[in-house]
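This briefing covers the core, the secondary-structure elements around it and the aromatic pairs. The sequence and structure come first.

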Amino acid sequence: MTQPFVPVPTGDGSSTFFSDTFGEWFHSREGAVAEAEQTYVAVTRLAELANGPQVALLDVCYGLGYNSAAALATIWRVNPDCRVTLWALELEAEVPRAAIAQHLVAPWPQTIQQTLQALAFNHQHQTPRLTAQLLIGDARQRLSDIQHWQADAIFLDPFSPTRCPQLWTVEFLAQVMARLKPTGRLATYSCAAAVRAAFLELGLNIGATPAAGRQWPGTVASFTETDLPALSPREQAHLRTRAAVT
């Protein structure tokens, strides 16, 4: 029987869960909401994109819904009329439902809380400015349900490559990147050499980004941008070691 998810406070006052399935926390213990805002929303430049009429988002490993919530809050703070399309993937339906039941989404405006609740329990939500769907199940299979569509920003947030290696393979990342617009950005907390090497193998440019509350940087990837934040000499050297072999 699945153990109930127990909220644990993080450094910024927001809470997260521990996954018994994967043996890891869902977020940095230094700040769950801060991680969503800094590692994903800021890195994919959503505040800038929100100045346009519409934004498309793909949230891989939705979890408690924090990344999507932070994205929507940022976009609509800049431009309340911006039209958002959101696809999200999550293995366990119980996770977002537990976040709602235990009031962990309170940091966001009421309209966004309502969106998260609808996604958790109905797996879809539509308003004049939002079309959102949450696909439950193995991301490798559910990603095939998203056809002929591409995102301006992708949040790649599985558990670590050592705990969830199936969602960090070149094959899966190729499927994910097929859903990224040529001008879009992907953000992830991981700086694993094998993950970065996979992005390079897929023809992406990569850069290092601040990963809130973690001792290591995150990664940003883009097909067309060449002026991404540079990898440090140490990170570049790490890419040339056996650690970069997938």
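A nonpolar core is a set of buried Ala, Val, Leu, Ile, Met, Phe, Trp, Tyr and Cys residues joined through side-chain atoms within 4.5 Å. Buried means under 20% relative accessible area, exposed over 50%, and partly exposed in between, with a 1.4 Å probe and protein chains only. The model is predicted: local features need pLDDT of at least 70, side-chain atom pairs count only at pLDDT 80 or more, and totals for chains, interfaces and linings use all residues. Residues are numbered from 1 along each chain as its sequence is written, and side-chain values use heavy atoms, with hydrogens and water left out.

**Core**
- The largest nonpolar core has 84 residues, and those with the most contacts inside it are Phe 17, Leu 46, Leu 57, Leu 58, Ile 75, Trp 108 and Phe 199.
- Helix H3 gives the largest share of this core, 8 residues; helices (H or I, at least four residues) and strands (E, at least two) are DSSP runs, numbered from the N terminus.
- Ile 75 touches Leu 46, Ala 50, Val 55, Leu 57, Cys 82 and Val 84, leaving aside residues up to four places away in sequence; contact means heavy atoms within 4.5 Å.
- In soluble globular proteins, nonpolar side chains tend to be buried together.

**Strand S5 and its partners**
- Strand S5 (residues 54-60) has 6 of its 7 residues buried, so it is largely enclosed by the rest of the structure.
- S5 pairs with S6 in the parallel sense over 7 bridges, where two strands pair if DSSP finds at least two bridges between them. Gln 54 stands opposite Arg 83 in S6.
- S5 also pairs with strand S9 (residues 151-156), again parallel, over 4 bridges. Here Asp 59 stands opposite Phe 155.
- A right-handed β-α-β unit is made by S5, helix H3 (residues 66-78) and S6. A crossover is right-handed if, with the strands pointing away from the viewer, the path from the first strand over the helix to the second runs clockwise.

- Val 95, Pro 96, Ala 98, Ala 99 and Ile 100 are buried in helix H4 (residues 94-101). Their cover includes strand S6 (83-90), helix H5 (110-122) and strand S8 (130-136).
- Helix H8 (residues 193-201) is largely enclosed by the rest of the structure, because 7 of its 9 residues are buried. Arg 196 is one of these buried residues.
- Elements covering the buried residues of H8 include S9, helix H7 (170-177) and strand S10 (180-188).

**Aromatic pairs**
- The whole structure holds 10 aromatic pairs. Rings of Phe, Tyr and Trp (its six-membered ring) pair if their centres lie within 6.5 Å; planes under 30 degrees apart count as stacked, over 60 as edge-to-face and the rest as tilted.
- Phe 17 and Phe 26 form an edge-to-face pair, 6.5 Å centre to centre with 80° between the planes, and both residues are buried.
- The rings of Tyr 66 and Trp 108 have centres 5.2 Å apart and planes at 55°, so this pair is tilted. The two residues lie 42 residues apart, Tyr 66 in helix H3 and Trp 108 in the loop between H4 and H5.
- One aromatic cluster is formed by Phe 5, Phe 17, Phe 22, Phe 26 and Phe 159.
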